[in-house]
Amino acid sequence: MSGKVLLIEDEELVGTMVRMNLESVGYQVDWARDGQQGLDLARTDSFDAILLDISLPGINGMEILSQLRTQGLATPIMMLTAQHEVSTKVKALENGADDYLAKPFDVTEMIARVGALVRRAQSDRVLPSDQMLQIGACWLNLDTRQALTNEGELTLGEKEAALLALLYRARGKALSRSDILEEVWGMDVSPSERTVDNFILRLRKLFEPDPDQPRHIVTVRGLGYRFHP
Ligand code: CA
């Protein structure tokens with residue numbers, strides 16, 4: 001296996017065991033020993049998978065998970081924890097973790113699960129690019145309308161996907177609300193221009209790093225909208 005894994009774990013024995021075993025099957029492992037260092041690495045470097053301990057000095061793993069997902073990081077994350085409680089597991093998965101492993105864990109199982117996450121990360125990257133729109137850290141697959149958004153993975157509505165594709169393909173060029181209505185909704189129905197604004201608000205919420213200060217889907221005063229990659 002090849003791939004780059006970020007391990008965020010403060011326990012020396014567990015960390016050494018995980019790193020040694022992952023390196024022995026071919027992974028490159030970066031090991032952060034506290035929450036802040038882990039968060040910084042996850043933000044500044046790119047990884048195929050992140051192994052994240054919950055109980056950490058500084059920022060705990062659950063908080064790191066929330067911050068990374070809120071910022072739109074799509075890297076698969078597996079939580080490592082000493083807690084077996086179902087509620088912790090549920091919370092981790094709700095906050096955007098992809099997998100969950102309770103300590104003490106079987107090394108063979110750990111390696112197999114990391115392998116599954118890394119394969120997923122690597123296959124996501126080779127999807128045909130003309131059908132994949134990238135908006136910051138988010139993605140939209142136009143074939144399936146499957147999107148990776150600030151709210152996690154979801155399927156966009158037909159009009160939402162069509163509107164985003166229209167803006168994306170006209171990137172840099174301002175589109176008026178009436179142009180957008182005609183292209184996306186067609187001539188046969190007549191929703192108000194307010195409909196366009198509502199859809200734009202929804203798309204910003206899903207795809208903008210900060211929906212209140214849009215960087216990609218920007219308003220062109222008195223006209224309509226423009227997309228910046
Ligand atoms: Ca710990």
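Q: Does glutamate 11 count as buried, exposed or partly exposed, and at what relative accessibility?

A: Buried means under 20% relative accessible area, exposed over 50%, and partly exposed in between (1.4 Å probe, protein chains only). Glutamate 11 counts as partly exposed because its relative accessibility is 36%. Please note that this is a predicted model, in which local features need pLDDT of at least 70 and side-chain atom pairs count only at pLDDT 80 or more, while totals for chains, interfaces and linings use all residues. Residues are numbered from 1 along each chain as its sequence is written, and side-chain values use heavy atoms, with hydrogens and water left out.

Q: Which residues coordinate the calcium ion?

A: Donors are N, O and S atoms within 2.8 Å of the metal (3.2 Å for Na, K and Ca); water is not among the atoms, so sites may look incomplete. Here Asp10 (OD), Glu11 (OE), Asp53 (OD) and Ser55 (O) coordinate the calcium ion at 2.1 to 2.8 Å. Along the chain, these donors have the spacing D-E-x41-D-x1-S. Glutamate 11 is in the loop between β1 (4–8) and α1 (12–24), and serine 55 in the loop between β3 (49–53) and α3 (61–70), so the pair ties together parts 44 residues apart in sequence. Such helices (H or I, at least four residues) and strands (E, at least two) are DSSP runs, numbered from the N terminus.

Q: Which side chain does aspartate 197 join through a polar contact?

A: A polar contact is a pair of N or O atoms within 3.5 Å; within protein, one must be able to donate a hydrogen and the other to accept it, and residues adjacent in sequence count only if both atoms are side-chain atoms. The side chain of aspartate 197 joins that of tyrosine 225 at 2.5 Å. Aspartate 197 belongs to helix α8 (residues 193–207) and counts as buried, at 13% relative accessibility.
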